[in-house]
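Morning, everyone. Let me put the model up, and then I'll walk through it piece by piece.

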Amino acid sequence: LFIVSNCQDGYIEAFIKAHHFSDIFEDTECWGRTRASKGVSNKILIERNKLNTPVYVGDTSGDAQSAKDAEIDFIYAAYGFGEVSNKDYIAKIDSFEELKNIQQQQKEIESKLSAKKMDTAVEISDGVCRITIFGSEENKENVNTAMNTAYQIVKDNYLLEVTFKSA
């Protein structure tokens, strides 16, 4: 996880230290360092950390706009301070714990499928757990392996979707 904010330099670091979050967040960026919009700060952080499919989590329409400006998906943190139109987000969460659980489930599915020699990307949003399998033959056995592995982790909480991408 990463933090992008429109705050002064040093504020995020103080927040992380005060709440003992140093083991949760890998990097941060803010207006106090970049003197740029959140959208630009997002792009700087994404490039610096070589992120492939980042998602911005925020609680205001300004956060949704910054994700749009950075050309990344947006998850609405409904427990926050603002309102966001449902057309502006790919998923909505009602607690920070929910976000951590989704991230943990995605990593667990990817890890278990990797152990079965499957190269995958997993995305959980909008009530769907999407598994993309790279470089494996599209057959019933591989679909069943992916579906059964994911189901053991997410149970009935999400619709499961499996797609294949060739190299």
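Start with Asn42. Its relative accessibility is 4%, so Asn42 counts as buried. Buried here means under 20% relative accessible area, exposed means over 50%, and partly exposed is in between, with a 1.4 Å probe and protein chains only. Asn42 sits in helix H3, residues 38-48. Helices are DSSP runs of H or I with at least four residues, strands are E runs of at least two, and both are numbered from the N terminus. What does Asn42 touch, not counting residues up to four places away in sequence? The list is Val4, Tyr56, Ser66, Ala67, Ala70 and Ile72. Contact means heavy atoms within 4.5 Å.

A word on the source. This is a predicted model, where local features need pLDDT of at least 70 and side-chain atom pairs count only at pLDDT 80 or more, while totals for chains, interfaces and linings use all residues. Residues are numbered from 1 along each chain as its sequence is written, and side-chain values use heavy atoms, with hydrogens and water left out.

Now the loops on either side of H3. Arg35 lies in the loop between helix H2 (31-34) and H3. Arg35 is not a glycine, yet its phi is positive, about 55°. Buried or exposed, where does Arg35 fall? Exposed, at a relative accessible area of 54%. Then Lys50, in the loop between H3 and S3. Lys50 is no glycine either, and its phi is positive at about 50°. Lys50 is exposed too, with 69% relative accessible area.

On to the sheets. Take S3-S4-S5. That is the order of 3 strands in an open sheet, with parallel pairing. Two strands pair if DSSP finds at least two bridges between them. At the edges are strand S3 (55-58) and strand S5 (91-93), each pairing on one side only. From one strand to the next, the twist averages 25°. For angles, axes are lines fitted to C-alpha atoms, for helices over the stretch in contact, and values run from 0 to 180 degrees between N-to-C directions.

S3 pairs with strand S4, residues 73-77, in the parallel sense over 4 bridges. Val55 has Asp73 in S4 as its bridge partner. S4 and S5 also pair in the parallel sense, over 3 bridges. There, Ile75 has Ala91 of S5 as its bridge partner.

S3, helix H4 (residues 61-69) and S4 make a right-handed β-α-β unit. Right-handed means that, with the strands pointing away from the viewer, the path from the first strand over the helix to the second runs clockwise.

Next sheet. Here 3 strands run in the order S6-S7-S8, again as an open sheet, with mixed pairing. Strand S6 (119-125) and strand S8 (159-165) are at the edges with a single partner strand each, so one side of each has no neighbour in the sheet. The twist averages 20° from one strand to the next. Strand S7, residues 128-134, pairs with S8 in the parallel sense over 7 bridges. One of the bridge pairs joins Ile133 to Phe164 of S8.

Two helices pack on this sheet. Helix H5 (residues 96-115) touches S6 and S7, and its direction makes about 160° with that of S6. Helix H6 (residues 140-154) touches S6, S7 and S8, and makes about 145° with the direction of S8.

H5 and H6 also pack on each other. The angle is about 145°, and the axes are 10 Å apart. On the H5 side, the contact residues are Gln105, Glu108, Ile109, Lys112 and Leu113. On the H6 side, they are Thr145, Ala146, Thr149, Ala150, Ile153 and Val154.

Last topic, the cores. A nonpolar core is a set of buried Ala, Val, Leu, Ile, Met, Phe, Trp, Tyr and Cys residues joined through side-chain atoms within 4.5 Å. The largest one has 22 residues. Which residues have the most contacts inside it? They are Ile109, Ile124, Cys129, Ile131 and Val154. S4, S5, H5, S6, S7, H6 and S8 each supply at least two residues of this core. Apart from it lies another core of 11 residues, including Ala64, Phe74, Tyr76 and Val84.

Finish on Ile109. Leaving aside neighbours within four places in sequence, Ile109 is in contact with Val122, Cys129, Ile131, Thr149, Ala150, Ile153 and Val154.
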